[in-house]
Amino acid sequence: MAQMNMKEAIRDALRVELKRDPNVLLFGEDVGHVGGVFRATEGLQKEFGEERVFDTPLAESAIGGLAVGLGIQGFRPVAEIQFVGFIFEALDQMAIQASRMRYRSGGRYNSPIVFRTPFGGGVKAAELHTDSLEGLLTQTPGIKVVVPSNPYDAKGLMIASIRDNDPVFFMEHLNLYHAFRAEVPENDYVVELGKANVVREGSDVTIITYGMMVHTSIKAADELEKTKGIKVEIIDLRTISPIDIDTIVASIQKTNRAIVVQEAQKSAGVAAEVIAQINEKAILHLEAPVLRVAGPDTVYPFAQIEDTWLPTPTRIIDAVNKVLEF
Amino acid sequence: MSKVPYEVYTEEVEALSVLSPDGEIINKDKLPKLTDDQLKEIMYRMVFTRTWDDRAVNLGRQGRLGFYAPVSGQEATMVGSEFALQKEDFIAPGYRDIPQLVWHGLPLYQAFLYSRGHQHGGQIPDGVNVLMPQIIIGAQILHAMGIAMGYKLKKQKQVVITYTGDGGSSEGDFYEGLNYAGVYKLPVIFFVQNNGYAITTPFAKQTAALSIAHKAVAAGIKGVKIDGMDVLAVIKAVQEAAERGRNGEGATLIEAVTYRFRPHSLSDDATKYRTKEEEGEWNEKDPIARFAKYLEKKGLWTEEDTARVKEEAKAKVNEEIKKAEKTEKMTIPGLIDSMFEKTPKHLEEQKADFK
């Protein structure tokens with residue numbers, strides 16, 4: 001097995017699928033010749049040619065519309081929106097056109113598209129490059145939303161997303177691209193969409209999270225175990241639409257306490273949805289209310305105060321203590 | 001260095017006409033090559049479309065149709081542009097462009113179902129290369145561009161035509177689509193039916209450009225302006241654009257100057273923003289009357305023919321609306337199952353609430 005960081009794992013997934021299926025196409029602003037502003041697609045144009053991997057003019061709505069049109073033609077587009085803040089320009093094509101193609105056409109057409117976008121804070125990027133906008137997409141019927149937290153999952157989830165016959169919004173956390181290396185099989189494999197992963201077993205409290213916050217939560221869990229002997233179970237959602245509520249319920253039946261951690265602003269997002277579903281399915285197993293650790297409901301901050309705006313291990317520890325002491 | 005062609009965008013372009021309002025050939029060089037049978041078929045379709053539109057407006061008033069955008073006045077652009085295509089070519093329409101879909105193969109009862117808000121209306125039969133009508137004014141322009149790239153990648157000689165109006169030409173998606181099609185040299189025809197009004201906003205308030213055709217210049221594609229009340233000019237322009245696309249010469253923007261005789265939809269009142277004089281002037285340019293004069297002079301059409309087609313159209317519309325009305329209603333579980341290829345568990349659970 002090879003050691004890969006998350007960026008390399010994503011590139012490897014794209015390579016596997018470009019090789020396997022001639023209908024897979026990769027495009028977006030700067031993704032072709034130089035391989036993207038983060039080099040996530042580096043070398044792929046050279047390997048697969050300009051018809052398969054190509055640069056587009058700078059216009060996000062057209063990238064989305066191009067993907068929809070190619071999907072109608074039987075291609076499997078992997079379209080990159082260069083930074084998450086630019087998805088608004090493409091939102092009509094993602095959230096209205098691609099997501100409802102199957103429904104509108106009664107199954108005559110579909111949108112087997114992956115929309116890739118880097119996102120995620122803590123990297124001191126320019127404004128609107130890092131915001132956690134995943135909640136917008138999770139509220140959209142007809143689209144799946146995937147957020148990997150490690151190289152192995154990233155490759156398997158990307159391959160599963162490309163093979164899915166419905167649109168998938170695939171979010172790649174900037175802070176995880178180069179964060180660490182892990183073993184990633186060189187062959188192709190899938191990590192099933194809609195299945196969460198218990199990344200750490202514990203008996204006292206469950207943390208439900210995804211993306212970069214998996215790692216922040218692990219830090220908090222290490223600290224809680226070391227200082228107080230508290231055993232935290234951590235669930236990495238991996239797919240935030242649909243949410244794997246069964247894995248969450250099974251965990252809460254064991255721990256009876258939970259918190260949800262997300263980078264995004266607190267209100268009406270993924271954490272809110274997780275808690276609503278817990279209420280529907282596991283309320284009698286709870287010994288305390290489920291708390292959220294999230295960004296405050298402000299615009300995403302300028303770089304100077306990003307690190308204190310984002311959920312920290314300390315804030316997670318405080319929330320765990322609150323539910324344990326309830 | 002090549003000279004900038006200032007004259008292209010500082011002077012108004014003359015709209016191409018082939019027929020005068022009296023039905024005389026005024027531009028012999030641009031007369032499309034059509035057999036007598038084809039000429040009669042075009043006339044048949046225009047009369048049929050007008051009759052169907054009249055009937056649809058009445059059906060709408062009776063509550064037997066849902067959203068409906070009238071088409072009378074635009075028969076030359078709609079029937080003509082579709083007629084100039086091959087069966088394998090693709091159509092990406094706006095909300096008003098139902099006749100093109102039907103003449104390209106969408107069964108009429110499905111067009112009625114679309115209007116009535118039934119999913120089956122968009123369930124295009126295999127082998128019919130059209131999309132269902134688009135509501136977001138410019139979105140289909142981008143789909144057309146993507147579909148055209150698909151043909152190019154598959155090395156197929158088909159072209160894609162997409163329709164919008166003068167209002168649609170102001171959308172960002174319009175410019176993005178033109179620009180992409182220019183860069184990738186795509187076999188796509190951007191067909192703008194400039195009917196003078198975006199709902200109520202007149203063309204003068206839509207753009208300061210001298211014409212919509214001028215906008216092609218900035219995208220590096222060909223732009224032409226045509227008389228949209230002249231079906232022969234429409235056919236000629238689309239044939240030339242399609243040929244250009246098939247030959248790998250890229251995209252064309254066609255601005256067809258036309259008029260909708262009725263309001264934007266059944267829920268607005270055109271008398272609030274248009275004058276009787278204006279409507280009268282455009283009535284004199286009626287595309288059906290003009291083409292009829294041409295065919296009558298050639299001995300290919302009579303008033304009796306028009307009456308016969310009207311009767312046929314009425315009967316057909318009645319039959320198809322009945323078929324639409326008899327089609328089984330949609331259900332919520334059916335709707336839920338149409339969201340994804342494989343219905344996810346949470347949606348399976350939600351289905352149970354509707355049994």
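**View 1. The two domains of chain A.** The C-alpha centres of domain 1 of chain A and domain 2 of chain A lie 26 Å apart in this structure, which is a predicted model. Domain 1 of chain A covers residues 1-182, while domain 2 of chain A covers residues 195-323.

**View 2. The interface between domain 1 and domain 2 of chain A.** On one side of this interface, 25 residues of domain 1 of chain A take part, and they are in contact with 22 residues of domain 2 of chain A. Between them, the two domains of chain A bury about 1,900 Å², and 54% of this area is on carbon and sulfur atoms.

View 3. Across the interface of domain 1 of chain A and domain 2 of chain A, 2 salt bridges are found. One of them can be followed in the view by looking for A:D153 and A:R238, whose closest N and O atoms are 3.2 Å apart, a distance that meets the salt-bridge rule because that rule asks for such atoms to be within 4 Å.

**View 4. The side of domain 1 of chain A that touches domain 2 of chain A.** The elements that give two or more residues to this side are α5 (134-138), β6 (144-146) and α6 (151-163) of chain A. Of these, β6(A) gives the most, with 3 residues.

Notes:
Residues are numbered from 1 along each chain as its sequence is written. Chains are lettered from A and ligands numbered from 1 in the order in which they are written. This is a predicted model: local features need pLDDT of at least 70, side-chain atom pairs count only at pLDDT 80 or more; totals for chains, interfaces and linings use all residues. Side-chain values use heavy atoms; hydrogens and water are left out. Domain bounds come from an automatic or database domain assignment. Contact means heavy atoms within 4.5 Å. Buried area is the accessible area (1.4 Å probe) that two parts lose on being put together, summed over both. A salt bridge is a side-chain nitrogen of Lys or Arg within 4 Å of a carboxyl oxygen of Asp or Glu. Helices (H or I, at least four residues) and strands (E, at least two) are DSSP runs, numbered from the N terminus.
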